[in-house]
Structures are given as C-alpha cells and as structure tokens.
Amino acid sequence: MGRKVTVAVCTLNQWALDFEGNLHRILQSIQEAKEAGASFRSGPELEICYSCETTSSDTWFVLHIGSDMFGQTVPYHCWEVLLELLISPLCKDMLVDVGMPERVVEDYYLPRMISTYTGQTVVPFGDAVISTRDTCIGFEICEELWNPYSTHIAMGFDGVELIVNGSGSYMELRKAYVTVDLVKSATMKCGGCYLFSNLRGCDGQRIYFNGCSCIAVNGDIVNRGQQFALQEVEVVVATIDLEDIRAYRNAIRSRSHMASTSASYPRIQVDMALSDEKGIGLPNCQPIEWVYHSPEEEISLGPACWMWDYLRRSGQGGFFLPLSGGMDSTSVATIVFSMCHLVCDAIQKGDSKVLADVRRIVCDGEYVPTKPQELCGRLFVTCYMGSENSSQQTKTRAMVLAEQIGSYHLTINIDVAVSAVLGIFTAVSGLVPKYASRGGSARESLALQNVQARLRMVLAYLFAQLMLWVRNRSGGLLVLGSANVDESLRGYVTKYDCSSADINPIGGISKTDLRAFLIYAKKKFNVPVLTDIIEAPPTAELEPLQDGHLAQTDEKDMGMTYRELSVFGRLRKQNKCGPFSMFCKLVHMWRDDCTPEQVANKVKHFFRCYAINRHKMTVMTPSYHAETYSPDDNRYDHRPFLYNAQWTWQFRAIDEQVR
C-alpha cells in the first residue's frame, strides 16, 4: 500500500515591512492549503521577514532569518507575527513552513513572548532536517537551488524525500525555463519531491517576483502556479506517493552507492505523520507540460502587474504619461492598457480585492469597470507636448492611440515656455543660441534640444499633480518614464528630461523587444494605430523640421542602430567585455557585414558614448528590471560613473589588432 501525502506550495504577493498584510496573506494561504487537504504547507522566502524553529503541541514552524536592513525593531515584529501564527487555530494539525535558516545545530533561546505561549525555552536551530513518522523533510534557501553544489544532493543521499525551497526569484525576459529546469533536475538525478514556493509582485523594488510556484516529483512537474497574475494568494497542491520516490531511488544503483558514504544531517523528530491511512484512495498527481510565455507576452504581463502593485500601494490616483507618438512612450501606454485588461479580467473572475483597490484608487465606492478602455480613462492621463519641431504625424498618432486605448488625452504646445526660458538666458548673456541647421554650433543646438526635453518633465509633474483636481478627484498621478534600456546604456537621454519620472516600465527592455511587443499587442488588444507607430522612424523631434518633415532620427544621432546597441549591451554586461575583448568578439561576429576597421570604429564610438554618459544612470528613473544587461546603477550595474573616455590603452590594443 502506498503512502499518499498531499503537499501545498504558496505564492504570495507580500510587501516589505507590511507585517499586518503579510500575516493576513500567510493565514489565508494556510487556510486554503488545509481546505485542499494538504498536511504540509510551504511559503516563499522571507514571507514574514525573519526566524527560528519552534514547536507547539501540534504545529511546527520553520521561519527564515535574514539580515536586518531596516532597524532593530524588525526582528521583534517578526516574532510578534510568528506568535500570531502559533496562536491561530488554522495552523493546528499541519506542518507549516513560513520561510528557513553548515550542518550544525545549536540551542536557540526563544523570546519571552514565544516561550510564554509554547512553554519552551530553547529550540534547535541550524542546518538540519525534520523527520516525521513517515518521511523526512529538508530545506534549501532560494539561491541554494542555483548553487553548483546544491544542498538537495546531500539531503537526497541522506534519505530526505521532501525538499522545500522558499524562494524570492524575480523575472527576467526569456529566463522562466531556468528555474523549472533546475527544479526538475533536482529530483531527476536523486529522486524525491521538490516544493518550490515563490513570491509574486512588486514588494517595493525594481524587480517583479514572477510566482510560478511548483511541485516536482522524480524529474516531472506535477503542478504549478501562474507566472503573472494579480491574485495576492495562490495555493497549489499535489498528492504524491512516497513509495514512488523510494522505488525511483532504489532503481538508481550509483545513487545508492554514493548515499552509503554520505554524511548525515542532524534530525529533528516530529511526532506526526503527513500521510493518511485512508490516503490510498487519493489519486496521484500526474506530470504536466509547462507552457512558457513568449518574450512579447512577458513584456505585456510582467510590467503591467508591477505597475498595478506600485499604483495600489503608492496611494496615488493613476498614471500620467507624456505621449510623443513614438515607439517608447507608445509601449508604456500599451502596457498600462494591458494592466487595465488584467484588472478587468480579475474583477470579472470575482477577485474582490482587486475591485476594492480599483474603487479606492478612483475614489468611487460603487464603481465597477465595464471594459479596459473605460478603466483606462479613469486611471490614465496622456499628454502630447508639441513644439515648433513636432510633426503633425506624431501628434495624430498620439491622439489616435489615446482614442483606441481610452486614455484621458491632452494636447499642449510648449513653445511659449521654451521662449520664456531662452529669453532669460538672452537677457543675461545678450546672445541668442541657434540650431546647427540654422548656423549654430553643436553645443548651442544641444542646449536648445535639452531645454525642450527638460521643460516637458517640469510640465509633466505640474499636470500630474493637478489633473485629478481638474477632474474633481482627490490625489495625484504617478509620472511614467519612457526611456528604454538601450538608450540608457548609450546615454541617449537628456538628464532630467521626460525620462525622469516616478517609475519606468520599459527601462529594462530593449528597443528591438519593444518593437516585437507592439506587433504582438496590436493583435492582442486590437489597437490598429500601432502599425503606423512601429513603421515610423524613431525620433526625438527636438530639431527644426525641414519642409514639414523630420530632419532628425535617433539612430543617426546615436551613430549606431538599436540592434547594434543590444549586442553591445549583452557583450559589455553578460560577457564582461571591455573595449578590446568586445572588438575581438565582434570582428568575427560581424565579419560578413563589416571590415575590422569598421568594427573597431563602432566599438570605440560605443565606449566613448558609454563613458561620457555613464553619470546619467545615477539619476535615472527606477525601472522594471527585465534584462540581464541592464545598466541600472542602483542595483544591477555597480560600476564607476566617471571614466577616462579616451580609453587610451584599450583603444591602442584594438588598433594594433586592426593593423
């Protein structure tokens, strides 16, 4: 007779230091797991925030302690939350993992608030495994799954059958398969059941935790959670047969030989069983196929979920976007539209929490969205900020896009503001700067372009603060940025222009990926104008028009294509290339299209621009993280922001190779 065990992994949308909300979501997940018949419940990393192992008469807890980044009161509050869990009747008769800490175990003295309730003074604390009457449970912490010498190998040799990982794994484009392959591999080589619980949503940072909690048995995924969703609590359960694990392991002779010489983990005995004698009637979960989202779908869903969390937790009333009619700001607007689709879908499926958040944001306790366009009109204000250098085509594209997605749209002209600022300079200096096309120097022309861009930022914040007042609503709007990752890397942005904002949903996404996303979104969301926007040449429209037509394009200004920029970005960050090593790689990669001299010139130009503009990344808007080559100075690219832009030694090495 088999031993059937029902286990649960939980995906939670937690918020840093929100002890009240975090506790509520943990309790909800425990309740849902119990109602699904689970005898063991696992949650994501740091779901409370910190730790120990403690037991009451019929409930065990494993709680993770991390480094205290927020002051001395955080551990105290974590113990308070743990006590609430201990007291809760929901946790009775279950093994509950709410988070977990060299194969050493010591006695840990409990805080008085816990020992008063449990009657215990000390508990075992350290790297151990838990033995129940019918199985053995071990724990990995997030990164240990990725470690070259993962602890699940040693635990599997020592007879651990259930391996639990409370994780905080964040989303990057095209990387969803990595975690899945690792989880499957963890049980394929040594057998066993792997329970992977992950966070979901934005907990106050640039990253988006992408859920995908799952359960694997003997190399197969048997159940999984969603990758992108607005649902705050998601519980995934699976019924497994422990005898299947034992039979699988016994069939691997090499594993049995290695296990006989493996060191043992300290065991903590728990006088309970996870299996039920009546469990023979429970059906085993069967392997499932994991279907991955395309990169275009990931762009559509990930930043939209991230923005929703940011909006509802910031206390603001919606978003404001300077909409230029170009591809970047259009991508941001389309992601907001995607967010509105997700919100409407969640409400139609009966998610009362999402509906309550919407009503609070729009200040209407009776409001129920009828369609995404109508919700977009409530949450989203777009504004075309034209000047004498703007074309009728971009103005029209912005207006038509706003109509098709339903945003509250404005069209303004900033020439009066530009003239006023330049008038101050002329009054002081007695000089009138000119564009290069009208006889001015390069620095005069650049200054004239920058003053337009920076005034748009000032106006964006003015309108964001007052538009809800105009519409007889309380609160303000979050300003959205629209600089893509390639422009940030190249420095093709004006410091403190309309790329400066509260958050930027595309700041970690390349131009080439955004183009593919808009092609996908045109069909997915039925926005026909996206075709015209995709086909239009990218331009900042900061220089005078010639006969009413564009005289400036982004790629001409940058001196490189967006496709080349993506290659430079990946080689610089992912391959750790400096100028010389990048040249050595590209001279072969591009040999069919470029001579060595041309490759050398491209590499030198990129690194000069990168060095000159690196300082801009210190003040760039917090962006949704989506690319491993992100130049985000805050977290992902801790490098100098002052370089010797001549790169004399490196460029000389390139020149020698060219010769």
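Is Tyr610 buried or exposed? Select Tyr610 and you'll find that, at 3% relative accessibility, it counts as buried (under 20% relative accessible area; exposed means over 50%, and partly exposed is in between, with a 1.4 Å probe and protein chains only). Before moving on, know that this is a predicted model, where local features need pLDDT of at least 70 and side-chain atom pairs count only at pLDDT 80 or more, while totals for chains, interfaces and linings use all residues. Residues are numbered from 1 along each chain as its sequence is written, and side-chain values use heavy atoms, leaving out hydrogens and water.

**Stop 1: rings around Tyr610**

(Rings of Phe, Tyr and Trp, the last by its six-membered ring, pair if their centres lie within 6.5 Å; planes under 30 degrees apart count as stacked, over 60 as edge-to-face and the rest as tilted.) Tyr610 belongs to helix α21 (residues 596-613) and Tyr643 to the loop between α21 and α22 (648-658), so the pair ties together parts that are 33 residues apart in sequence. Helices here are DSSP runs of H or I with at least four residues, strands are runs of E with at least two, and both are numbered from the N terminus. Tyr643 is partly exposed, at 22% relative accessibility.

Now widen the selection to Phe568, Trp590, Phe606, Phe607, Tyr610, Tyr643 and Trp647: ring pairs link them into a cluster. Aromatic pairs come to 17 by this rule.

**Stop 2: helix α8**

Jump to Trp306 and Tyr310. Both sit in helix α8 (residues 295-314), 4 residues apart, or about one turn of the helix. Trp306 is buried at 1% relative accessibility, whereas Tyr310 is partly exposed with a relative accessible area of 29%.

**Stop 3**

Glu232 is in the loop between β15 and β16 (233-241) and Arg312 is in helix α8, so the pair ties together parts that are 80 residues apart in sequence. Both Glu232 and Arg312 are buried.

Arg313 is buried, and so is Glu232. Show the rest of the network as well: salt bridges that share partners join Asp18, Arg25, Glu232, Asp309, Arg312, Arg313, Lys353, Asp357 and Arg360.

For another salt bridge, pick Arg133 and Asp271, whose side chains meet at 2.9 Å, N to O. Arg133 lies in the loop between β8 and β9 (136-141), and Asp271 in the loop between β17 and α8, 138 residues apart. Both of these residues are exposed. The whole structure holds 23 salt bridges.

**Stop 4: the sheet**

Switch to a cartoon view. You'll see 7 strands forming an open sheet with mixed pairing, in the order β15-β14-β11-β10-β9-β8-β17. Two strands pair if DSSP finds at least two bridges between them. The edge strands, each pairing on one side only, are β15 (220-224) and β17 (267-269).

Zoom in on β8 (residues 129-131), which pairs with β17 in the parallel sense over 3 bridges. Ile130 has Ile268 in β17 as its bridge partner.

**Stop 5: charges over rings**

Select Arg224 and Trp290. Arg224 lies over the face of Trp290, at 3.9 Å from the ring centre. The rule asks for NZ of Lys or CZ of Arg within 6 Å of the ring centre and within 35 degrees of the ring normal. Then try Tyr408: the charged end of Arg471 sits over its ring, 3.9 Å from the centre.

**Last stop: two positive phi angles**

Find Tyr496 in the loop between α15 (485-490) and α16 (511-525). Although not a glycine, Tyr496 has a positive phi of about 65°. Tyr496 is partly exposed, at 42% relative accessibility.

Finish at Lys576, in the loop between α19 (562-573) and α20 (579-589). Lys576 is not a glycine either, yet has a positive phi of about 55°. With a relative accessible area of 63%, Lys576 is exposed.

Terms used:
Salt bridge = Lys/Arg side-chain N within 4 Å of Asp/Glu carboxyl O.
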